[in-house]
Amino acid sequence: LVMENCLDSRVWRPLKSKSEVPRSDLFEMLYMGTATHNTDLDMVLPALDKLAQTYPGSFRLTVIGVASEMPERQWITKLSQSESIYPSFVSWFLRQGPFDIGLAPLVDNEFNKSKSDIKCLDYLAAGILPVVSDIKPYQAARELSEVVIKVGNSIDQWTTALLDLMVKDASATKLRSARVFRGRKYLWSKRSSASTSTLLLKQLESLMEK
């Protein structure tokens, strides 16, 4: 039995202080992950460069980890946190932002096909709309798949998707917030450590009965 990744609501507690951080006039993107995503970043970088050339000064990409060597761009802000203990990192991470969307591009290869959708859970727990590659890890959970923004892995598709999302009028903001709300509802009802432990206990009890 394969148990899906889940998050612990005791660790991912919402912080009241975050709401006090003012939003900027820029469209705020986040890309967070371990420093193993060089090829994934390389895949979407041309789309981001195209947006920066066409609409200069319209967005900022905040990067946490992601790549061993980060390209220099005026619109890229690099954040680092030395604390490696997971609960401490989460507490720090939740104080960053606010962000409009969170990027999770994945090159479609055998290694990435074996990954999970936990990046979506992390972003949703922080109140951020996930924008992901339309490949296997982000297609498995139907309820989650209906909430996130899935993008085909081409420069044109990523450019178009990001350009559509960068609309900052009230209607677009409301639609993004509605997706995040539904995503968080799914997260804490179906993908929390509490719900997963209940499922695991039932499975163990059934094995004991045999």
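Residues are numbered from 1 along each chain as its sequence is written, and side-chain values use heavy atoms, with hydrogens and water left out. Because the model is predicted, local features need pLDDT of at least 70 and side-chain atom pairs count only at pLDDT 80 or more, while totals for chains, interfaces and linings use all residues.

I begin with the sheet. Six strands form an open sheet in the order E3-E2-E1-E4-E5-E6, and the pairing is parallel. Strands here are DSSP runs of E with at least two residues, and helices are runs of H or I with at least four, numbered from the N terminus. Two strands pair if DSSP finds at least two bridges between them. Which strands stand at the edges? They are strand E3 (76-79) and strand E6 (149-151); each has a single partner strand, so one side of each is left without a neighbour in the sheet. From one strand to the next, the twist averages 25°; angles run from 0 to 180 degrees between N-to-C directions, with axes fitted as lines to C-alpha atoms, for helices over the stretch in contact.

Let me turn to strand E5. Strand E4 (residues 101-104) and strand E5 (residues 129-133) pair in the parallel sense over four bridges. Leu 129 in E5 is the bridge partner of Ile 101, and Val 131 in E5 stands opposite Leu 103. E5 also pairs with E6, in the parallel sense, over three bridges, and there Val 131 stands opposite Ile 149. E5 is mostly covered, with five of its five residues buried; buried means under 20% relative accessible area, exposed over 50%, and partly exposed in between (1.4 Å probe, protein chains only).

Next come the helices on the sheet. H6 lies across E1, E4, E5 and E6 and runs at about 170° to E5. The buried residues of H6 are Trp 158, Thr 159, Ala 161, Leu 162 and Leu 165. Their cover includes E1, helix H1 (38-54), E4, E5, E6 and H7, where contact means heavy atoms within 4.5 Å.

The largest pocket has a volume of about 500 Å³. A pocket is an open set of points on a 1 Å grid over the protein atoms alone, where a 1.4 Å probe fits, with protein on both sides within 12 Å along at least five of seven lines; lining residues have an atom within 4 Å of a point. The volume is the space filled by probe spheres set on the points, which are joined across faces, edges and corners. Of the 22 lining residues, Met 32, Gly 33, Thr 34, His 37 and Lys 119 are the closest to the centre of the pocket. Strand E1 (27-33), strand E2 (59-65), helix H2 (86-93) and helix H4 (118-125) each give two or more residues to the lining.

Finally, some single residues. A cis peptide bond joins Gly 97 and Pro 98, with omega about 5°; Pro 98 lies in the loop between H2 and E4. Val 66, in the loop between E2 and E3, has a phi near 75°, a positive value in a residue other than glycine. Is Val 66 buried or exposed? Val 66 is buried, because its relative accessible area is 0%. Asp 169, in the loop between helix H6 (155-165) and helix H7 (170-190), is partly exposed, with a relative accessible area of 40%.
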